[in-house]
Amino acid sequence: MGESKFERDSRRNAGLGDIYIDTSAEPWINFSPGIDFKLLRTSQETGAWSVLFKCAAGASFARHEHLAAGEYLMVSGKMEIRGGAERGGVTAKAGDYGFEANGAWHDDTKFLEETVLYFTNYGPIRFVDDDDNTVAVLDYKMLREVAAAGRKNLAHAA
Ligand SMILES: [Fe+2]
């Protein structure tokens, strides 16, 4: 008998780097005031990173420029982008999907209620002040560091 279908697939898939994360077993780690995250995947090769964000009611993301495209899927709650639908932007609710183009500027991303969303960005995001000066650059490396420090803090607190 030759290889079974199972053995063949296992051989092909070995070392390809599939990952599986039981997100309910992962702790929320603080990212910024009112915003926590769970790090799902980062890629040193491409700079892409995927997270779950949990945003408290009243929290917001600071003004930023996308240095790579991003995609999100809303899990729960509500997110107002560029001022929300009432002001010409977008109001995303549970189940909604969005694509944010490479080069896009976002001034005002607000959460009116507790919101969870899945987010992938294919590179860094540059946070800026009102005059477009760089405040911080969020990339896969920074997320790894913040996640590692957060896990360490949680371990100490336990
Ligand atoms: Fe954005």
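Two residues are in contact if their C-beta atoms, placed from the backbone, lie within 7 Å. This is a predicted model: local features need pLDDT of at least 70, side-chain atom pairs count only at pLDDT 80 or more, and totals for chains, interfaces and linings use all residues. Numbering starts from 1 along each chain as its sequence is written.

Select Cys 55. Beyond residues up to four places away in sequence, Cys 55 touches Gly 34, Ile 35, Phe 111 and Thr 115.

Now colour the largest nonpolar core, 16 residues in total. Such a core is a set of buried Ala, Val, Leu, Ile, Met, Phe, Trp, Tyr and Cys residues joined through C-beta atoms within 7 Å. Buried means 20 or more other C-beta atoms within 10 Å of a residue's own; exposed means 12 or fewer, partly exposed is in between, and C-beta atoms are placed from the backbone. Cys 55 is among the residues with the most contacts inside this core, as are Phe 37, Val 51 and Phe 53. Strands E1 (29–32), E2 (35–42), E3 (49–55) and E7 (78–81) each give two or more residues to the core. E3 gives the most, with 4 residues. Strands (E, at least two residues) and helices (H or I, at least four) are DSSP runs, numbered from the N terminus.

Next, Gly 34, in the loop between E1 and E2. Gly 34 counts as partly exposed because it has 15 C-beta neighbours inside 10 Å. Leaving aside neighbours within four places in sequence, Gly 34 contacts Cys 55, Ala 56, Gly 58 and Ala 59.

Finish at helix H1, residues 5–13. Of its 9 residues, 0 are buried, so H1 lies largely in the open. Just after H1, Gly 15 takes a positive phi of about 80°.
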